[in-house]
Structure formats: structure tokens, C-alpha cells
Amino acid sequence: MDNQIISVKHVSKRYATAPYSGVNDISFDIQAGQIVAIIGESGSGKSTLLKSIFGLLKLDSGEVLFNGKRVLGPDEQLIPGHKEMKMVTQDFSLNIYAKVYDNIASMLSNTDISSKNSKTVAMMQHLHIEHLRDKKIIELSGGEQQRVAIAKALVSDTKMLLLDEPFSQVDALLKNQLRADLKRIASETGVTIILVSHDPADGLFLADQLILLKDGKLLQQGKPSDIYNDPAHIYTAQILGNAVALTPADAEKLGIHANQQVVFYPEWVELKASWASRRFEVKDVYYKGFFEELLLERNGVQIRAIQLNREAHKKNDHVQANIGRFLTFDVDAI
Ligand SMILES: Nc1ncnc2c1ncn2[C@@H]1O[C@H](COP(=O)(O)OP(=O)(O)OP(=O)(O)O)[C@@H](O)[C@H]1O
């Protein structure tokens with residue numbers, strides 16, 4: 001494609017200490033200006049992949065191209081990492097005794113002081129940290145430090161930002177704000193962002209492209225809505241949407257005749273009063289804020305459903321549930 005900024009080609013990296021660790025034969029492309037989220041459980045290889053893209057690891061095989069040129073490994077250059085990319089790791093790499101303003105401004109040259117000042121101030125405004133300008137890093141919360149680290153990475157007209165667990169230090173409210181800020185900054189500045197997260201919601205909310213890793217392998221990639229609605233694996237549906245998976249025998253007990261595994265998201269289950277033949281007992285109710293998740297059981301088979309109208313059905317009630325839509329997978333599919 002024309003606007004391709006990164007091309008990951010058959011990248012494999014195994015760690016000597018653990019023969020099955022690292023990443024295995026990963027390939028994908030990233031278009032300039034995209035936000036890409038690398039999602040997966042702990043140990044699935046997310047950080048390894050991010051470090052490989054940045055040039056911090058000596059690859060076993062494969063290569064990463066940045067604007068068509070191979071990214072050099074740590075053994076091929078004096079300072080590991082790529083000059084045109086910025087990586088924000090979980091330790092932020094800030095000067096903790098210096099002020100917020102000085103940390104960010106330190107990335108810019110002194111040849112034009114007034115431009116240095118205006119760029120630093122603009123970036124602090126982008127990240128909502130102007131009010132912290134004269135505070136030392138050591139005086140900031142983890143979430144505030146995270147914003148400073150992102151501002152510092154972006155201020156020198158960075159084209160490519162790599163973020164390792166950017167929301168790990170922030171509470172739910174700030175997390176939503178920071179996600180929205182990153183989305184806005186990407187669209188305003190055209191910066192390409194690759195972020196690594198163990199929380200699929202980050203990818204679903206933010207990303208133009210999701211890369212889902214499992215055990216070091218790329219399981220599925222694509223637009224979040226495409227992957228969510230048409231998961232290629234049961235695991236994908238489970239990790240993205242907490243899907244219910246039933247064996248053919250269990251599905252049969254609920255009146256679904258399929259010789260395959262039956263998979264559905266809790267929100268695909270319709271709760272209504274009219275289907276007399278679909279009686280389930282409410283075994284438990286999980287409070288989720290603006291909605292509830294119901295654990296339902298019928299003929300010894302448990303499923304989950306979403307209840308927006310809170311407390312409409314309570315524990316031990318009997319409800320009519322219809323699995324309005326479901327996907328089927330081969331019996332041995334993962
Ligand atoms: N330097 C290393 N030496 C040996 N094994 C490593 C090293 N770094 C990572 N690993 C192993 O490689 C696998 C992938 O690790 P990686 O850090 O890439 O996963 P991750 O998905 O980022 O995990 P987390 O979400 O917990 O950070 C894990 O099994 C890990 O233990």
C-alpha cells in the first residue's frame with residue numbers, strides 16, 4: 001500500500017532461557033496515521049513485538065521495515081532503537097528531579113527559543129498537563145508522569161509513537177480521558193501509534209487495527225469491529241467480548257441443533273417474557289455499573305446475558321432467554 005510506514009515480515013524472537021517464549025513468525029503492515037493496538041494476555045509476546053519493531057532486540061529471523069528501510073538491531077548500531085520512532089515504556093524514563101516543562105522542552109533544540117517554548121506549551125495543552133508545568137516529576141502521580149512521558153515523546157514532531165501499556169498507571173476516569181486524548185492527537189498530528197495493552201477494551205476503543213497475540217503467535221488482525229463481529233477463533237470472541245462457548249451437547253440441551261461448538265456474546269441473548277419454551281433460572285447477578293450480567297441455567301447448562309434494565313430479573317427468578325444470534329466453530333477449534 002502507498003502509505004505504509006511499518007512492515008513486520010516473519011519476525012521471530014525466542015529467548016534462550018525459555019524455549020517457547022517470545023514471538024513466532026509475525027507479519028503485518030501499518031499505514032501511516034493509524035493507531036494499532038497489540039492485544040494479548042500476559043506473556044503472549046506483546047512487549048517482545050514492540051521492542052522488535054523499535055530495534056531493541058536481535059531477531060532470530062524476519063525483519064521490520066520503517067518506510068521501506070530495515071530497522072537495525074542492537075548489535076548493528078551504537079545506540080539501540082530507531083531515531084524516527086519514540087518508545088514510552090512503563091518506567092517513563094523521565095528526569096525525576098527536573099520540572100515537567102524542562103523534561104518536555106529538553107527534546108527540542110535551543111536554536112529557536114520562542115518556538116521551543118510554544119511547542120512545549122502546545123504539547124502540555126494537548127495532554128492536559130499545563131497546570132503541572134513547574135512541578136517536579138517526583139511530585140507527580142503515576143498517571144501524570146505517563147502524560148508527561150507521552151508529551152515528551154511527541155514534542156519533537158515524532159512520526160511514530162510506541163506505547164507499552166500506556167494506561168497501566170491511570171484510574172478508569174483518567175484512562176477514558178487519555179484514550180480520547182491519544183485518538184485526538186493522532187488525528188490532529190497524523191502521528192502513527194502502536195500501543196501494547198492486555199486490556200482488549202483499549203484496542204476496541206482506540207485502534208484502527210487490532211493485532212491479537214496468543215502464545216507468541218498472531219491469532220487475528222483487522223478492524224476492531226470486524227474482528228469482534230466475525231472472530232476467527234473462539235479465543236478471540238472470549239478475550240474481546242467475554243463470549244460464551246458451548247459444546248454441541250450442551251447447545252443441544254438448550255434446543256440448538258449444531259454439530260459444532262456454539263459461541264455467542266452475552267449481549268446477543270434476548271431476555272423476554274414471551275418464549276415459554278426458553279425458561280432459564282437466574283443463578284447469579286453481577287453488577288457492572290450501568291448494566292448487569294446474569295448467569296442463567298437451563299438443563300444444567302450455564303450461559304450469560306446482559307440486562308440493561310437493572311433488577312428486572314433477580315437471583316432465583318425464572319426468565320425467558322433466546323440466543324438470538326450465535327456463531328459456530330469446529331469441535332476442536334480454539
Ligand atoms: N529477556 C527475556 N528473557 C527470557 N524470557 C523473556 C524475556 N523477555 C520476555 N520473556 C518471555 O517471553 C514471553 C513473552 O514476553 P513479553 O514480555 O513479550 O510478553 P507480554 O505479552 O508483553 O507480557 P506482559 O503483558 O506480562 O508484559 C514470556 O513468556 C516472557 O517470560
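Begin with an open sheet of 3 strands, ordered β11-β12-β18 with antiparallel pairing. Strands here are DSSP runs (E, at least two residues) and helices likewise (H or I, at least four), numbered from the N terminus; two strands pair if DSSP finds at least two bridges between them. At the edges sit β11 (244-246) and β18 (327-329), each pairing on one side only. From one strand to the next, the twist averages 25°.

Before going further, please keep in mind that this is a predicted model: local features need pLDDT of at least 70, side-chain atom pairs count only at pLDDT 80 or more, and totals for chains, interfaces and linings use all residues. Residues are numbered from 1 along each chain as its sequence is written.

Now look at strand β12 (residues 261-264), which is joined to β18 by 3 bridges, the two running antiparallel. Val263 has Leu327 of β18 as its bridge partner. Helix α8 (residues 234-241) lies across β11, β12 and β18, at about 25° to β12. Such angles run from 0 to 180 degrees between N-to-C directions, with axes fitted to C-alpha atoms, for helices over the stretch in contact (C-beta atoms, placed from the backbone, within 7 Å).

Stepping back, the domain assignment, automatic or from a database, gives domain 1 (4-236) and domain 2 (242-329). Their centres, taken over C-alpha atoms, are 38 Å apart.

Finally, visit the ligand. Around the ligand are 14 residues, of which Tyr15, Ser21, Ser42, Ser47 and Thr48 come nearest; a residue counts as near if its C-beta atom, placed from the backbone, lies within 6 Å. Strand β2 (18-31) and helix α1 (46-54) are the elements that give two or more residues to this shell.

Definitions and conventions. Contact = placed C-beta atoms within 7 Å.
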